[in-house]
Amino acid sequence: MYRTILITQALLACLKTSPADALEKVGQYGNPEAFVFHGTKVFHPEQLRRSLLWHPDFQQALSPSAALDELLLTTEKLLLTGYLRAGFPQAQITAHKSLLQKEVVVDIKEGPRLLAGTVTIKGTRQINAAMLKHDITTPQLKDPVAGESSSAKPNPPAWHQGKPAPLDQFTIDKLNRRLEKCCRDQGFFFTRLQSRVAVDIPSRTAQLVVTITNEGPPGTIQEIQVQGLKKNSREQVVQLLNVEIHDPINRSSVIRMQQQLRNSARFSRFLVTPKTNQDQIQLLILVLRAPVHFLLLMGTKRSVNRW
């Protein structure tokens, strides 16, 4: 009986310790210079090494005390995502250790590279599909901080036709958010949509297919909030902007209100932005009173109004 108990305890001890102890640690394999890339044609091995080192998951996996299998899996996952983002739908990545050289060998089969092709938008009724296409296939100017000029370079196209097609899920999700913003610019704040990429290996192209599943109603202002005023009333600002409850709201109307605030020369900085709360749209107007020297620089001849 006593012997049976000892054997059972020994087996339980092995079960508790063996899984963790059996995992091989990264150790010397954690040196990034020990990574050897085979089969890459489009990218230089140093490019792949730098892109891996940029990612925090890879940096964590390089720890000498981490599991080697986890480092290999992380390497494969990150490189595969990168190749998808660069337009390679059939890329294959395999990472394994080299016992003789203490290296991590990464075998790469790139496959064909696809270029971004046409954009098809389905399900629109009131939303302008041509404007959506234009917004995601051409460079877009960044929205400047209201009251200031912007000299920043425009954002690159979300779907750059003729360039490598982004096929990874992260970029597709980002493109969906860009499309949703384009719908808001047209005044549709509650649009539901989904995008997918249809690959055509023989033609080496990928088509973007966007389906509007629910346009939602055109947006109208349900509430107006004015913040940042010192001596001027909310009614004065609302009257200046000529805006009322139930007015339609879109990018054009926001730009018009910002221009009216700029032309008034009464505020050094301001922000006009619609906010959504469930199915309601709130117009937020944030203003800061302009100092006297700002009014003089603007060349206004009217008397200084202490807002």
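I looked up the sheet and found 3 strands in an open arrangement, ordered E1-E3-E2, with mixed pairing (strands being DSSP runs of E of at least two residues and helices runs of H or I of at least four, numbered from the N terminus; two strands pair if DSSP finds at least two bridges between them). Strand E1 (35-38) and strand E2 (92-98) are at the edges with a single partner strand each, so one side of each has no neighbour in the sheet.

I note that the model is predicted, that local features need pLDDT of at least 70 and side-chain atom pairs pLDDT 80 or more, while totals for chains, interfaces and linings use all residues. Residues are numbered from 1 along each chain as its sequence is written, and side-chain values use heavy atoms, without hydrogens and water.

I then followed E1 to strand E3 (residues 103-109), with which E1 pairs in the parallel sense over 4 bridges; valine 36 has valine 105 in E3 as its bridge partner. Helix H2 (residues 45-54) packs on the sheet and touches E1 and E3 (contact means heavy atoms within 4.5 Å).

Last, I checked helix H5 (residues 129-137) against helix H6 (residues 169-185): they pack at about 130°, their axes 10 Å apart (axes are lines fitted to C-alpha atoms, for helices over the stretch in contact, with angles from 0 to 180 degrees between N-to-C directions). H5 and H6 are therefore oblique to each other (under 35 degrees is roughly parallel, over 145 roughly antiparallel, 65 to 115 roughly perpendicular, the rest oblique). Leu132, Asp135 and Ile136 of H5 meet Arg178, Leu179, Cys182 and Cys183 of H6.
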